[in-house]
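Please consult the sequence and the structure shown here while reading.

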Amino acid sequence: MSISIGIDRLAGLTFIVLGAAFLWLGLDFGFGSMLRIGPGFFPVILSGVLIGFGVAIFVRSFLSDDSFHMPKLGPMTRVLAAIAIFAGFMQPVGSYLILPVVVVLTASASPKFRWTSAVLLAVGTTIFSDLIFRVGLGLPFYAVGYWFGG
């Protein structure tokens with residue numbers, strides 16, 4: 001599946017949609033006046049500026065022919081899975097066991113993936129993360145999680 005849309009057109013539409021959403025949310029707060037600014041004043045003004053930039057970028061996009069192609073879902077899925085695995089299993093499994101899995105899974109999303117470099121990167125990342133965060137900063141990370149008696 002390949003969707004081709006101008007990158008500036010996509011950026012302009014994104015700014016317009018985000019600006020409209022924040023404008024809608026900002027209108028729930030009191031706007032106030034120039035003499036007595038309410039809590040919704042800046043969100044509404046900034047949303048208007050964002051929408052204005054979005055419209056300008058969208059209109060300008062018709063002058064260029066840059067295109068944006070949707071990325072392949074396989075690599076993106078692996079990176080998102082690695083984030084979810086890290087978040088879900090860091091405490092119960094521990095950094096010594098989960099970091100190598102996460103690093104290798106994330107590295108496998110690259111078209112230049114090689115097992116040797118991924119394993120070396122995983123070992124180095126695990127050692128340096130342990131030295132920096134657990135030993136150096138004293139953060140309460142488990143080297144081996146409670147699932148393995150740590």
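## Basis of the description

A residue counts as buried when its relative accessible area is under 20%, as exposed when that value is over 50%, and as partly exposed in between. The model discussed here is predicted.

## Packing of H4 and H5

Two packed helices are described by the angle between their axes and the distance between the axes. Helix H4 comprises residues 95-107 and helix H5 residues 115-136; their axes lie 8 Å apart and form an angle of about 135°. H4 and H5 are therefore oblique to each other, and the crossing of H4 past H5 is right-handed.

On the H4 side, the contact is made by Ser95, Tyr96, Leu99, Pro100, Val103, Val104 and Ala107. H5 contributes Trp115, Ala118, Leu121, Ala122, Thr125, Thr126, Ser129, Asp130 and Arg134. Sorted by class, the contact of H4 with H5 consists of ten nonpolar, four polar and two charged residues.

## Thr126 within the contact

Which residues does Thr126 touch, not counting those up to four places away in sequence? Thr126, a residue of helix H5, touches Ser95, Tyr96, Leu99 and Pro100. Thr126 counts as buried because its relative accessibility is 8%.

## The salt bridge in H5

The structure holds one salt bridge. It joins Arg134 to Asp130, and the closest N and O atoms of the pair are 2.5 Å apart. Because Arg134 and Asp130 are four residues apart in helix H5, about one helical turn separates them.

Are the two partners buried or partly exposed? Asp130 has a relative accessibility of 8% and therefore counts as buried. Arg134, at 29% relative accessibility, counts as partly exposed.

## Phe42 in H2

Phe42 lies in helix H2, which spans residues 41-60. With a relative accessibility of 52%, Phe42 counts as exposed, because the cut-off for that class is over 50%.

Phe42 and Phe31 are eleven residues apart along the chain, and their C-alpha atoms are separated by 8.4 Å.

Definitions and conventions. Residues numbered from 1 in each chain as written. Predicted model: local features only at pLDDT ≥ 70, side-chain atom pairs only at ≥ 80, totals over all residues. Heavy atoms only, no water. Axes fitted to C-alpha atoms, helices over the stretch in contact; angles between N-to-C directions. Helix = DSSP H or I, 4+ residues; strand = E, 2+ residues; numbered from the N terminus. Parallel < 35°, antiparallel > 145°, perpendicular 65-115°, else oblique. Left-handed = near helix turned anticlockwise from the far one by under 90°. Contact = heavy atoms within 4.5 Å. Nonpolar A, V, L, I, M, F, W, Y, C, P; charged D, E, K, R; others polar. Salt bridge = Lys/Arg side-chain N within 4 Å of Asp/Glu carboxyl O. Buried < 20%, exposed > 50% of the residue type's maximum accessible area, 1.4 Å probe, protein only.
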